[in-house]
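Okay, thanks for coming, everyone. Let me put the model up on the screen and then I'll walk you through it.

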Amino acid sequence: EISYLGRKFIIYLALAHRQSQSRLRRLIAKQGGYILHVDGTCEGDSPNLFCGVDGISELVLDTVKIPSEKKERLIPFFRRIKQQYGEPKALVHDMGRGIGMAVQEVFPGVADFICHFHFLRDIGKDLLQDEYTALQKRLQKLSIRALLRQKARYLEQKIDPAAPVLDEILSSLESGTWQTTSCEPVPLIMAYALIQWVFEYPRQSNGYGFPFDRPHLDFFRRLQSAHRLLKKIMEVHLRGVVKDNKPYCLVYRALNEAVNDNQLNNLASSLEHKGKVFDKLRSAMRIALPDGKDGINDNGANTDIRSIEEKVIAFRKWLIDDYERKETYTKMLKQIDEYWEKLFADPLPVVTPEGIVYIQPQRTNNILEQMFREEKRRARKKSGTASLNKVLKAMLAETPLVQNLRNREYIDIILDGCSTLAERFCQIDTALVLKEMEAAKNNQEMILPSIKKLSRDCDLTKKISSLFLF
């Protein structure tokens, strides 16, 4: 019943939204036009929930569920937005081929920009993906994680969690001088702590995801650091404190194979070198910075776009000035040149009742990305499952319109003089609502009960075989 009422609310809201087109268009004209951000989300074989959002007011303008982001699927949607709200002042989207071709056909001549975050992510993946995947597979083949966990369990059984020496060791590490005379448990604790430190490698990531974060490379570098430290500890008699090197030797030997593996070392060196070049481009574009902490919510530094363009020009010159670098990063250079005109947007002059004002298109598609993440987070909290394949199949296409209810001006437009949404919804023809509910029910891709019963039969293949093969 709750699910039914929720869907009914969304249908009422969608109808009120459609009936408010002329007033929404006046709002857009008042602000000087709109900048159209478009993007979609899907999981597995679910339909693509595709949205168009105004980058100025941040209102969801229209939504649709389509099988894929192919040109022929997107053109009718873009034409509908154009008919409803007029031509946008600019467009912002990712580098999807279907979106690009549909935009060119429906909005010829409109300023067209790509999301800086998506641009960097695509360049980084092309540059690093093959070697990064090879590094990951090599680490898996050597089973270093399983071996370290085994050693950690062994050491953990020998450590007394109530031993006062634990606090003394922490104090020693903080002060840089030994604060304990209890030597015996120190090697056990230190060796165990080093293993756990290696497994804390995800802390070095900044929440951007690959290729901005490279956790498997961070893991390997921690293996090397721990290995070097253990070797030094075993070579010196640490101020007379170390008397038992056995725990250190145990972990040191466990790390040996991975740390000395030529293939891993070559892959790590190449990734690190290419990663520095990629990070240099990130710094030039002032987004998803190597030391940034905003993760995937990063909208980019608030820097003048011309200043960013100059930095990228300098980066490009740095690449081509060295022949070897130019040869290695030919594909990167080609991608930068191909999308150059879509990366750097001057402020756009727009006419408003107050006169001409200048608006700066956002550098990312984060308006939509954040909205999709919020919808998915809410669905996961409700269902308790990680996969949202079924949720997206069942979700009404108009669900993202609920986000607009955070905007007071939008609510006033939707209410159209009414004091509450309930009062406004009462003005909507019930027959329209029932028609929409029926249409939504027919579009849920429900499995017929009889087919579901068949699919659960463990002997289905045998029964089909007996029918057709006699």
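Predicted model: local features only at pLDDT ≥ 70, side-chain atom pairs only at ≥ 80, totals over all residues.

**A quick tour of the model**

So, let's start with a side-chain pair: D112 and K342 are joined by a polar contact of 2.7 Å between their side chains. By polar contact I mean a pair of N or O atoms within 3.5 Å; within protein, one must be able to donate a hydrogen and the other to accept it, and residues adjacent in sequence count only if both atoms are side-chain atoms.

Residues are numbered from 1 along each chain as its sequence is written, and side-chain values use heavy atoms, with hydrogens and water left out.

Back to D112. You'll find D112 in strand β5, residues 111–114; helices (H or I, at least four residues) and strands (E, at least two) are DSSP runs, numbered from the N terminus. Is D112 buried or exposed? D112 has a relative accessible area of 11%, so it is buried. The cut-offs there: buried is under 20% relative accessible area, exposed is over 50%, and partly exposed is in between, with a 1.4 Å probe and protein chains only. Skipping neighbours within four places in sequence, D112 is in contact with L91, H93, V103, E341 and K342, where contact means heavy atoms within 4.5 Å.

Zooming out for a moment. The protein chain has 21 helices and seven strands, and buried residues make up 46% of its 470 residues. If you take contacts between residues at least 6 apart in sequence, 70% of them join residues at least 24 apart.

Now, the cores. A nonpolar core here is a set of buried Ala, Val, Leu, Ile, Met, Phe, Trp, Tyr and Cys residues joined through side-chain atoms within 4.5 Å. In soluble globular proteins, nonpolar side chains tend to be buried together. The largest core in this model has 71 residues, and F119, L148, L223, L255, M332 and I336 touch the most other members. Which elements give two or more residues to this core? They are α5, α6 (144–158), α8, α9, α10 (246–259), α11 (262–285), α12 (305–321) and α14 (330–339). The largest share, 10 residues, comes from α5. Take I336 as an example: not counting residues up to four places away in sequence, I336 touches F119, I123, L281, V312 and F315. Apart from that core lies another, of 48 residues, among them F50, C51, V53 and I413.

On to the rings. How many aromatic pairs does a search of the whole structure find? It finds 16. Rings of Phe, Tyr and Trp (its six-membered ring) pair if their centres lie within 6.5 Å; planes under 30 degrees apart count as stacked, over 60 as edge-to-face and the rest as tilted. Take F9 and F425: the ring centres are 5.6 Å apart and the planes sit at 70 degrees, so that pair is edge-to-face. That one links distant parts of the chain, with F9 in helix α1 (residues 2–19) and F425 in helix α18 (residues 421–426), 416 residues apart. F9 is partly exposed at 30% relative accessible area, whereas F425 counts as buried at 10%.

Then there's Y132 with F210, which is stacked: 4.5 Å centre to centre, with 20 degrees between the planes. Y132 lies in helix α5 (residues 116–142) and F210 in the loop between α8 (186–199) and α9 (215–235), so the pair ties together parts that are 78 residues apart in sequence. Both count as buried, Y132 at 6% relative accessibility and F210 at 19%. F210 comes up again in the backbone, too: the peptide bond from F210 to P211 is cis, with omega near 10 degrees. P211 is in the loop between α8 and α9.

Ring pairs also link F50, F77, F78 and F107 into a cluster.

R286 isn't a glycine, yet it has a positive phi of about 55 degrees. R286 sits in the loop between α11 and α12, and counts as partly exposed at 31% relative accessibility. D416 isn't a glycine either, and has a positive phi of about 50 degrees. D416 is in the loop between α17 (408–415) and α18, and is partly exposed with a relative accessible area of 40%.
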